[in-house]
Every structure is written in C-alpha cells, then in structure tokens.
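Dear colleague,

Please keep the model open while you read.

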Amino acid sequence: MIPFSMRAVSMRAMSTGALAVAISVPAGAAALLAPEMAPALHAQSRADLDASMQGEAYAYATYSLFADQARAQGLPSVRQLFQRTAAVELWEHFAKEAELRGVVGGNTANLQSAMKDEESRSHAMYPAFARQARQDGDTIAARLFEEIARDESAQQAASAKALEVIRTGKGAIPTPPGVKPVTVQAGAPKVRAARTRQSLSAAQHSEAMASAKYAQFAKAAAAHGNPALARLFTVTADAALREHFAGEAQLAGTVGTTRENLITAVNVEQYESRIMYPTYARQAKAAGDAKAAELFAHNAKAEAGQARAFDTARNQLR
C-alpha cells in the first residue's frame with residue numbers, strides 16, 4: 001500500500017476509528033476466525049482485503065485524533081461523530097475484514113504475529129527512517145523514530161515473555177507500562193524533507209495497523225479467558241495509537257482544523273463508497289468470493305452514510 005497523508009484530499013484514493021484500556025467491544029462487532037478457519041480466497045480478494053484493512057485502521061486512528069481536535073475547539077457533537085465513526089471503522093469494518101482474512105488466531109499465533117511485526121519495526125523500519133531523517137536534517141523526527149524503535153524492542157521482549165508463559169504455563173504475563181499520550185495540535189508539517197514526510201506516513205500506517213490488530217488480539221485473549229494477556233495487547237494497542245501514531249502525526253501535520261478535518265473525512269468516505277469498495281465488490285464477485293463481495297458492498301453503503309454525516313457536520317459549522 002502506498003503511504004498517504006490524511007490531510008490530502010484523496011487520502012485513500014492514493015492507496016486504496018479511541019481505544020479504552022479495558023476491553024469493551026460495541027454490539028455487533030465481528031467474532032474473529034482463527035487463520036486455519038478462514039475461507040479460501042482468490043489472490044485479488046486477499047489483496048483488496050489487505051488494502052481495505054489498512055485504510056480502515058488508518059481512518060480509525062486519524063478520526064480518533066480528529067475527535068480530540070474537535071474537543072479542543074469546543075465542538076462536542078463533532079467530537080462524538082468522529083469517535084463513533086472511528087469505533088465503526090475499527091470494530092465493524094476492520095474487524096469483519098480481518099475475520100474474513102483470517103488475521104486473528106489463538107493466543108500463541110497472535111503473540112508470534114506481534115513479535116514478528118515488532119521485530120521488523122524495531123530492527124529495520126525505524127532505524128532506517130532515523131538514519132534517513134538525520135541525513136536530511138530532520139533531527140526531531142530522527143529522535144522520535146529512535147525512541148519508538150526502543151519502545152518496539154521492549155514490546156517485543158514483553159511479547160516473547162508472554163509467549164513463554166503461554167507455552168509453559170509458568171510465570172506471569174508482563175504488566176505493560178503506562179501509556180504517555182501525545183497531544184496533537186493542528187498545524188503544518190514540522191519536518192522539511194520529502195523523504196522524512198514519506199517515512200512519517202509509512203510509520204503512521206504501520207502503527208495504525210498495529211493498534212487495530214492488537215485490539216483484535218486483545219478481544220481474542222479475553223474470549224480465551226486470559227485477561228492479563230488481553231490487557232497487554234490492549235495497552236500495546238493504545239501505545240501504538242496514542243504515543244507512536246500521535247507523535248508521528250504531530251510532526252507530519254496530519255491534523256488540521258475541524259473544518260479541514262471534516263472536509264478530508266467527506267472526501268475519504270465518498271471515495272471509499274463510490275469507487276474503492278464498489279470496485280472491490282465487483283472483483284470479489286467475479287472471482288467467486290461471495291462473502292468478500294457482500295462485505296465490500298455493505299461497507300460501501302456504510303461509508304456513504306458516514307460521508308453524509310461528515311458533510312452535514314461541516315455545513316453546520318459557522
């Protein structure tokens with residue numbers, strides 16, 4: 001998926017919603033299948049599900065920040081709209097797509113998946129981004145990337161310890177550290193190099209996906225009767241959103257004024273409802289993936305309703 005900025009008019013057109021510490025899943029949220037139980041899908045349908053999950057995860061994370069901006073501007077109804085939509089993106093659209101894709105398995109498989117992602121971010125992605133940012137003179141971004149790399153390494157160690165506990169039945173699931181939320185203020189990007197902006201976009205997408213996945217892993221852990229593991233996943237998901245994604249969003253200039261954010265949201269939802277999801281639905285139907293086609297068509301209708309709600313809110317702003 002090509003990285004993109006939520007501030008751009010065609011956010012998902014270029015490539016293709018906040019999390020509580022306690023597990024609280026809205027009614028109707030999907031019950032995720034283990035990967036071995038997921039239905040067989042054609043390659044195009046798998047690719048489309050991957051792209052749509054990335055878009056939904058990014059929208060969930062960004063709308064959470066847009067809700068914070070609406071609160072800062074004293075707009076409670078708009079804040080609630082962004083919060084509700086963020087929840088739909090995470091617990092309905094992303095969750096159901098993840099179910100069909102077979103993203104979530106048992107606790108052992110989920111921890112292994114988390115460790116793989118954390119190793120990639122801590123040992124490859126973030127160190128590379130940090131080196132490039134320093135070369136380009138974006139020292140503040142380099143320091144942030146280095147800090148997040150250390151966080152990811154610590155998270156990998158915690159996941160490894162939790163996996164050992166699950167496998168052996170000995171010891172205790174690590175207690176996660178507290179989350180230190182970053183308050184994101186509306187404004188322009190705070191980096192100068194195009195390469196740093198691209199790195200920030202890619203990092204935001206990675207953290208948004210991590211937050212959404214770990215939220216599903218936490219739900220699965222709770223369902224499997226392991227509240228300690230559920231809490232570890234939940235806090236890690238919250239850190240990905242409220243620390244890592246938010247810190248990167250602050251440097252990237254992801255958040256605008258509430259009016260700008262609403263315009264962005266309208267354009268995003270209209271693209272998804274009119275182009276992206278209908279295209280995916282046609283492709284899935286042609287491939288014989290009836291469940292994927294049905295889900296994509298359903299999401300297209302839902303996104304159209306979200307576009308109308310955001311447009312109404314924009315028109316009501318003075």
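In this model, which is a predicted one, the contact of α4 with α6 is made by I140, A141, L144, I148, D151, E152, Q155, A158, A162 and I166 on the α4 side, and these meet L229, L232, T236, A239, E243, H244, G247, E248 and L251 in α6. Sorted by class, the residues of that contact are 11 nonpolar, four polar and four charged. The axes of α4 and α6 lie 11 Å apart, and the two helices pack at an angle of about 170 degrees; since angles over 145 degrees count as roughly antiparallel, α4 and α6 are therefore roughly antiparallel to each other.

The largest pocket involves these two helices as well, for α4 (139–168) and α6 (227–252) are the elements that give two or more residues to its lining. The space in this pocket comes to about 330 Å³. Its lining consists of 20 residues, and those that lie nearest the centre are D151, Q155, P177, G178 and A239. Of these, D151 and Q155 in α4 and A239 in α6 also belong to the helix contact described above. The greatest contribution to the lining comes from α6, with seven residues, and the lining as a whole has nine nonpolar, six polar and five charged residues.

On α4 there is a further contact to look at, with helix α5 (residues 194–223), where the axes come within 11 Å and cross at roughly 25 degrees. Angles under 35 degrees count as roughly parallel, and α4 and α5 are therefore roughly parallel to each other, with a crossing that is left-handed. Here A141, F145, I148 and E152 in α4 meet T196, S199, L200, A203 and E207 in α5, and the residues of this contact divide into five nonpolar, two polar and two charged.

The last pair is helix α2 (residues 76–101) and helix α7 (residues 258–287), whose axes come within 12 Å and cross at roughly 30 degrees.

With best wishes

Conventions: Residues numbered from 1 in each chain as written. Predicted model: local features only at pLDDT ≥ 70, side-chain atom pairs only at ≥ 80, totals over all residues. Heavy atoms only, no water. Axes fitted to C-alpha atoms, helices over the stretch in contact; angles between N-to-C directions. Helix = DSSP H or I, 4+ residues; strand = E, 2+ residues; numbered from the N terminus. 1 Å grid on protein atoms, 1.4 Å probe; cavity = no way out; pocket = protein on both sides within 12 Å on 5 of 7 lines; lining within 4 Å. Points joined across faces, edges and corners; volume = space filled by probe spheres on them. Nonpolar A, V, L, I, M, F, W, Y, C, P; charged D, E, K, R; others polar. Parallel < 35°, antiparallel > 145°, perpendicular 65-115°, else oblique. Contact = heavy atoms within 4.5 Å. Left-handed = near helix turned anticlockwise from the far one by under 90°.
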